[in-house]
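Colleague: I'm new to this one and would like a close look at a single part. Please walk me through the charged side chains and who pairs with whom.

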Amino acid sequence: AAEQEGTFLLIDEPEVSLHPHAQRALMRHLRSLDSQAIVATHSSNLLDRADPRTILRLKRSGGAVTAVSPATLTDDEARRLARHTSPQTAEAFFARAVILVEGPSDQYALEALADRRGRNLDADGISVVPIGGAHTIGAYLSLLGPNGFDLPVGGLCDLAEEPVFAAALRRAGHVINSRADMEQLGFFVCDTDVEDELIRAIGTADVVQLIDTAGDLGAFQALQQQPSYRTASLDDQVGAFVRGRKIKYAPLLVDALDLARVPAPLDGVLNGV
């Protein structure tokens with residue numbers, strides 16, 4: 001009956017009592033029907049790989065409730081976002097505010113810092129979203145910003161990607177003439193990246209001790225003997241080693257950090273949401 005012409009299929013919270021795989025299988029089946037399905041949900045699993053233009057978010061403002069949708073996304077932006085959406089990134093559709101970061105190590109560092117400060121990002125409704133590289137920032141701004149789900153959005157990027165973030169903010173309608181303009185909007189730049197900021201804040205010698213404590217001193221010493229690093233400074237050797245294992249070391253560096261010496265970009269992006 002659901003496939004008869006003109007049929008609407010209305011489903012309220014189909015995720016109830018379904019494990020994640022079953023939720024995604026259900027949505028795949030619903031998308032295959034030759035009918036219009038309207039689903040009310042609180043599950044990011046149901047939105048995995050969904051075309052974001054098909055999603056409506058209910059927003060309360062004062063006493064009124066309105067529906068917002070990223071209808072201005074281009075076909076290419078929507079296709080790329082849908083291809084790379086995961087249940088984790090789809091949490092942003094339910095968030096009160098979003099921090100966009102380039103990759104998962106940046107996410108882990110910010111979440112670890114929030115934990116150390118006793119801040120519950122989940123209770124605050126804040127999602128830290130790894131966007132898979134700086135060049136997707138424009139699509140995410142279209143998805144989540146004023147022309148999309150109209151959420152407060154901040155971000156963190158490496159020094160090399162500052163021009164990419166600045167250009168995307170300009171395309172989104174913001175006046176960006178300096179880094180200070182980006183920071184006013186909640187977007188901060190690391191020098192040169194999150195790992196470098198944390199290493200400098202902790203101190204190179206203490207990071208070497210951290211590497212030893214983590215059981216990686218032998219691997220680090222092997223890197224020091226490689227021809228490309230044999231004559232490099234200890235700072236460069238430590239930076240290269242940590243970046244090669246940044247998923248592991250991002251939260252470990254934050255755990256070792258003196259909270260009185262939190263790097264300004266990390267401090268700024270967390271305080272901005």
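**Charged side chains, on their own and in pairs**

Modeller: Asp 115 sits in helix 4, which covers residues 104-116 (helices are DSSP runs of H or I with at least four residues, strands are runs of E with at least two, both numbered from the N terminus). Bear in mind that this is a predicted model, where local features need pLDDT of at least 70 and side-chain atom pairs count only at pLDDT 80 or more, while totals for chains, interfaces and linings use all residues. Residues are numbered from 1 along each chain as its sequence is written, and side-chain values use heavy atoms, leaving out hydrogens and water.

Back to Asp 115: its relative accessibility is 58%, so it counts as exposed (exposed is over 50%, buried under 20%, partly exposed in between, with a 1.4 Å probe and protein chains only). Asp 115 gathers with Glu 91, Asp 122 and Asp 255 in a surface patch of negative charge (patch members have over 30% relative accessible area and no salt bridge, and like charges are joined within 9 Å).

Now for the paired charges. The structure holds 14 salt bridges (a side-chain nitrogen of Lys or Arg within 4 Å of a carboxyl oxygen of Asp or Glu). One of them joins Asp 76 to Arg 80, with 3.2 Å between the closest N and O atoms. Both belong to helix 2 (residues 75-84) and are four residues apart, about one turn of the helix. Asp 76 is partly exposed at 38%, and Arg 80 is partly exposed too, at 28%.

Another bridge runs between Asp 193 and Arg 243, whose closest N and O atoms are 2.6 Å apart. Asp 193 is in the loop between strand 8 (187-189) and helix 9 (194-202), and Arg 243 is in helix 12 (residues 234-244), so this pair ties together parts 50 residues apart in sequence. Asp 193 counts as buried, at 9%, whereas Arg 243 is partly exposed, at 31%. These two also belong to a network of salt bridges that takes in Asp 196, Glu 197 and Arg 200.

Last up, Lys 248 and Asp 216 meet in a salt bridge at 2.7 Å, N to O. That pair links distant parts of the chain, 32 residues apart: Lys 248 is in helix 13 (residues 246-256), and Asp 216 is in the loop between helix 10 (204-213) and helix 11 (217-224). Lys 248 is partly exposed at 37%, while Asp 216 is buried at 12%.

Note on methods:
Patches are made of residues with over 30% relative accessible area and no salt bridge: like charges are joined within 9 Å, nonpolar side chains (Val, Leu, Ile, Met, Phe, Trp, Tyr) within 5 Å. Accessible areas come from the Shrake-Rupley method with a 1.4 Å probe; for residues, only the protein chains shown count as cover. Lys and Arg count as positive and Asp and Glu as negative; His and the chain ends are not counted. The place of a charge is taken as NZ of Lys, CZ of Arg, CG of Asp or CD of Glu.
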